[in-house]
Amino acid sequence: MGRSDSRKRSPSRGKDRDRDRSRSRKDSRSPSRDAKGKKEKPSDYGVDTIKISDDDAAFILGKGGKTKDKISRVSEAEIELFERDLVLEIRGSKLQRRRAKKYCEGVMAQRTGPVSITEDYDDGDLTMILIPQEAVGFVTGRAGNFLRSIEEEWGTLMFFCEVDGNRGRGKDFEKLAIFGSIRGRRGAELKVLSAVETKVPGFYDKIRDEVNGRDKGKDETGTWGTDTMTFQDDELSYALGKQGGTRKKLERSSAAIVQYVGSVALFSGIKAERKRAREYMKWLFAQLEGPVYVDDWEDRDDITVMEIPSDCIGYITGNRRATLGAMEEEWGTLMFFMNKAEDKARGRGGSEKLAIFGSERARRGSELKVMSGVETKSPGFFTRGIKEKITDRRGFDTDRLIFRDDELSYALGKEGNTRKKLELASGAILQYVGHAAFIAGTQKERDRCREFINWLLQQRRGSVTIADVSRRDDVTEVHVPENCKGWVTGNRGSELRRMEQETGTYMFMALDARGEERLLIFGANAGTKSGDGGRMHAERLINDMIQEKLRGDGGGGRGRSEAVAGVVAQARGAARHHGGAAHHPMTEDEAEEGPAVAADALTPAPAHAVVEDGEGLKGDSLAALAAGREQSAFASHRGRRPGEGLCLRGEHMRL
């Protein structure tokens with residue numbers, strides 16, 4: 001957490017730090033405009049400030065701002081670090097501010113020694129567990145990496161501490177403090193105990209009652225608790241699965257915390273979640289004995305049942321269940337074919353029932369994925385006679401759009417990348433079943449996804465006009481200098497596609513009401529100032545590219561003409577050598593060149609389907625250079641990473 005070394009900088013390094021990291025209060029706002037929805041503030045909302053030292057600032061900020069973001073996430077408070085003023089500003093309710101201040105003090109205390117925990121530290125957000133001395137290093141991990149990974153997974157803050165001045169050095173145990181929500185703390189605690197049990201077998205038995213009874217009934221429903229199940233030696237590996245995959249899918253589909261400590265399975269959560277987890281585990285083992293059928297499944301609210309044609313079952317299941325397992329992992333569901341023993345041997349042309357367990361959204365995502373695969377194998381099975389449908393239901397529902405042939409391949413993209421981009425940016429589930437686009441989600445998510453699809457198809461015909469975005473809460477508007485537009489967008493939009501994939505957003509240049517062009521970054525996820533993913537991350541990447549271009553134009557390096565001439569000379573010298581095909585992110589225009597494969601993720605693309613799509617200095621690009629139009633030709637070269645190919649008249653060189 002944070003940095004372990006004291007930051008002693010030269011004046012120049014200090015200036016770089018101020019420029020590259022947190023801004024002062026005066027310039028902490030982004031120059032672009034971000035239309036954000038405002039959450040209702042609690043009645044005791046307020047602002048606290050803490051004066052800190054320069055070294056404390058390093059610990060609070062952490063690498064890439066991750067520690068500050070973590071404290072904000074766990075405390076649910078807004079935290080701003082003004083490094084030039086060395087002031088920490090905390091916004092939120094009284095309890096949120098108290099927790100955030102407490103976490104910041106704990107992080108800063110680690111710089112000089114052990115953190116001291118007093119009785120008033122617990123605001124209903126603390127779990128304290130004893131760790132055997134011989135397991136402390138194992139639990140901490142190299143440079144604290146194991147604890148950090150648990151914090152990231154469960155949204156907690158964790159550190160070893162001393163209680164009332166007694167840390168326990170030289171004794172048998174050390175105390176580990178875990179801060180966070182009841183669910184986050186429990187998930188982190190059980191993961192730590194699982195690791196300890198590996199290092200010190202039998203330790204869990206000594207503290208079993210304390211662990212199993214922790215926080216019982218202390219949630220909003222009053223049903224929070226822990227159930228257990230003991231495995232035989234040969235059962236544990238099956239219940240765990242490859243790389244823990246089976247345990248993880250049981251955890252995600254049931255919504256309970258599922259962890260194995262030695263040979264004991266612990267299920268933590270509210271009563272309904274624990275019940276589901278135990279049932280799913282029972283069915284998992286029942287499949288080893290033969291067909292499983294869930295009686296009275298029609299009365300359950302956690303199941304979707306599909307009829308799958310017999311000739312599609314192998315395609316949907318995959319080799320050694322690989323395809324079905326991939327869908328379970330993607331959506332967090334539990335899936336298996338459910339049959340009564342007497343129905344197993346049906347004749348050709350029959351069907352079998354596929355049971356999908358999980359949350360409503362996860363089940364719908366898995367169901368649509370299966371429908372897409374079945375439709376590929378048996379065209380018309382789900383789409384024969386289907387029509388468009390748009391519902392005005394505000395809650396979770398599904399809309400349908402019907403594509404024309406040329407629209408489908410464009411909206412799908414290479415290996416389904418365009419579909420995945422629109423799905424992630426809109427927050428809806430988007431799946432193509434034959435020529436139909438199924439859009440599932442809340443009304444806001446569905447409306448957003450339909451808009452994104454319409455704008456995408458409009459781009460094929462020319463510029464898109466979006467007059468005003470000030471009322472939207474899912475867009476960031478960035479004005480790109482005229483001389484930077486080609487640099488930011490890349491050849492045929494390749495740079496925008498790369499940044500979209502990295503941040504989970506949808507970006508394009510659009511005209512406003514005055515006919516002026518600006519870059520719009522759409523995404524349901526606003527992101528954070530220093531974290532990965534979301535609109536803020538995309539905005540940072542865009543601003544970095546603009547600064548890179550402006551520095552280059554300012555004489556900081558070779559001009560474009562000189563750079564392109566150097567590339568051409570290198571390419572001519574290497575023309576006799578053949579390298580790998582050059583690749584760049586797929587543009588929607590390129591998607592039209594190949595047939596659409598709606599079930600894009602069910603089966604890997606065949607080797608012969610790989611297209612050498614390098615947009616290098618080939619064909620008439622050299623003529624463009626001779627005519628002085630080097631910018632478009634160079635755009636394909638610029639932005640590639642070392643080792644990626646550059647195509648020149650069908651030959652390849654390595655950069």
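The paragraphs below go through salt bridges, a strand hairpin and some surface and loop residues in a predicted model.

E151 and R148 are both part of helix α6 (residues 145-154), where they sit three residues apart, about one turn of the helix. Their salt bridge has its closest N and O atoms 2.7 Å apart. E151 is buried, because its relative accessibility is 1% and the limit for buried is under 20%. R148, with a relative accessible area of 22%, is partly exposed.

The next example joins two helices. K369 forms a salt bridge with E330, and here the closest N and O atoms are 3.6 Å apart. K369 belongs to helix α15 and E330 to helix α14 (residues 322-331), so this pair ties together parts that are 39 residues apart in sequence. K369 is buried, at a relative accessible area of 6%, while E330 is partly exposed at 39%.

The side chains of E477 and R518 meet in a salt bridge with an N to O distance of 2.7 Å. Since E477 lies in strand β18 (residues 475-478) and R518 in strand β20, the pair ties together parts that are 41 residues apart in sequence. E477 is buried, with a relative accessible area of 4%, and R518 is buried too, with a value of 0%. Elsewhere, salt bridges link R98, R99, K102, D123 and D125 in a network.

Six bridges join β20 (residues 517-522) to strand β19, and the two strands run antiparallel. Strand β19 (residues 506-511) is mostly covered, with five of its six residues buried.

D299 is in the loop between α12 (271-286) and β12 (303-309). This residue is exposed, with a relative accessible area of 67%. Together with D295, D296 and E298, D299 makes up a patch of negative charge on the surface. T391 is in the loop between α15 (360-377) and β15 (397-402). Although T391 is a loop residue, its relative accessible area is 17%, so T391 counts as buried under the 20% limit. The C-alpha atoms of T391 and D447 are separated by 10.0 Å, and these residues are 56 residues apart along the chain.

Note on methods. Residues are numbered from 1 along each chain as its sequence is written. This is a predicted model: local features need pLDDT of at least 70, side-chain atom pairs count only at pLDDT 80 or more; totals for chains, interfaces and linings use all residues. Side-chain values use heavy atoms; hydrogens and water are left out. Buried means under 20% relative accessible area, exposed over 50%, partly exposed in between (1.4 Å probe, protein chains only). Helices (H or I, at least four residues) and strands (E, at least two) are DSSP runs, numbered from the N terminus. Two strands pair if DSSP finds at least two bridges between them. Patches are made of residues with over 30% relative accessible area and no salt bridge: like charges are joined within 9 Å, nonpolar side chains (Val, Leu, Ile, Met, Phe, Trp, Tyr) within 5 Å. Accessible areas come from the Shrake-Rupley method with a 1.4 Å probe; for residues, only the protein chains shown count as cover. A salt bridge is a side-chain nitrogen of Lys or Arg within 4 Å of a carboxyl oxygen of Asp or Glu. Lys and Arg count as positive and Asp and Glu as negative; His and the chain ends are not counted. The place of a charge is taken as NZ of Lys, CZ of Arg, CG of Asp or CD of Glu.
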